[in-house]
Amino acid sequence: MALTDDELRTLLADLESDLVERKSSLDTDRASQAICAFSNDLPGHDRSGVLFIGVDDAGVPTGLEVTDQLLLDVAGLRDRGTILPTPSLVVRVLPIQDRRIVAVEVQPGLTPPVRYKGVVWIRVGPRRAMASPDEERRLSERRRSLDLPFDARPMQGVAVEELDVELFRRVYLPSAVAPDVLKENRRTQAEQLASLRLADLHGTLTTTGLLLLGISPREHLPAAYLQFLHIDGQSLSDPIRDDKVLDGPLIDVLRQLDEILALNITTTVDVRSSPELRRPDYPLVALQQLCRNALMHRTYEGTNAPVRLTWYSDRVEIWSPGGPFGLVTEKNFGQPGVTDYRNPNLAGALRALGYVQRFGVGVETARRACRDNGNAEPVFEVRPEYVAATVRKEAT
């Protein structure tokens, strides 16, 4: 729905808004860059951005003569073929202080990234800038989310023969399907796999099927593994005590991960108390939640980076490729009830396997477990490129 004149005037007066750009006259290049940036909507406002032409930086009309030709020139920016995909915009005349200015209302694009002359332009706060490669990747993810999510797409050239059938029948199928339904089920294996979104009916594994049950996921998704390092010190330059790569079907990776976490946690016993007081240096539940979140929410597309679990003498760090997704932002990350899923099918599969008890509470569960154990709450570093969690051995 188009903005009203009053809404446009309110935006024009808001000097802090990153949904507004003001120009004293029509500069084709700069106007096109602004339209491109608003169409990309990198901040994820899901609202129109507005380019005002004929005002100064304070929003005061400059006296620019608004002619029919000017309006045609502005509207023509859409169809010149230099902004692709073609943006959706509305050009209007807006009366301000007994004068007229031009308001160009730009809708967020449905298929970002949008480019002007081959360059992706974005809004960075109050200014316009060229997108970095990672910002382009974030825009591409948003475009794909309008169709099938990446984890639900068939993996070209990956047939069901690359699936661990025994693992599917023995572990996943009984977990994902109720026993009575499974008992009465007359579907073929191909139909079962398709119903559970692990493959399509043509016999091609989906990303979830490959990750969860593939014999060798890394042959097709190079980043599908977890790197574990145990450092004898507080820096990566210190000696390495243990180094493991956990790969293969994600079901096996999660089992190995639980074993590694349990083996590396040290429990102290206070024999002076009655009964004896046993306290681990890290709560197992917290580390499990954070590692499972890292594997579930990470991006598997367009990267060779694994999930990294690094165990130092004073802390544990868990690093997950891919920043917050969808409704989750750097500002609201970890807030109860705020959740979204880059890999919704994989999340559902882990829920069926019992690795996720409730959606959206993993971070809070980890925080509570740390508090109860006497550790400081996990500290999160949330960036567009990654999410890192740090758990300290001692309370701070």
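Predicted model: local features only at pLDDT ≥ 70, side-chain atom pairs only at ≥ 80, totals over all residues.
**Exercise 1.** State in which order the strands of the open sheet are arranged, and work out which of them stand at the edges.

*Solution.* Begin with the order, which is S1-S2-S5-S4 for the 4 strands of this open sheet, with mixed pairing. Strand S1 (20–23) and strand S4 (89–96) each have a single partner strand, so one side of each is left without a neighbour in the sheet, and these two therefore stand at the edges. On average, neighbouring strands are turned by 20 degrees against each other, direction ignored. Turning to one pair, S1 and strand S2 (residues 49–53) are joined in the parallel sense over 4 bridges, and Lys23 stands opposite Ile53 in S2.

**Exercise 2.** Describe how helices H1 and H2 are placed against the strands.

*Solution.* Helix H1 (residues 5–13) packs on the sheet, where it touches S1, S2, S4 and strand S5 (99–106), and its direction makes about 80 degrees with that of S4. Helix H2 (residues 28–40) lies across S1, S2, S4 and S5, and runs at about 165 degrees to S2.

**Exercise 3.** Locate Asp41 and Gln97, and decide whether each is buried or exposed.

*Solution.* Most residues other than glycine have a negative phi. Asp41, however, has a positive phi of about 45 degrees, and it lies in the loop between H2 and S2. Because buried means under 20% relative accessible area, Asp41 counts as buried at 9%. Gln97 likewise has a positive phi, near 50 degrees, and is found in the loop between S4 and S5. The cut-off for exposed is over 50%, so Gln97, with a relative accessible area of 58%, is exposed.

How values were computed:
Residues numbered from 1 in each chain as written. Heavy atoms only, no water. Pairing = 2+ DSSP bridges. Axes fitted to C-alpha atoms, helices over the stretch in contact; angles between N-to-C directions. Contact = heavy atoms within 4.5 Å. Buried < 20%, exposed > 50% of the residue type's maximum accessible area, 1.4 Å probe, protein only.
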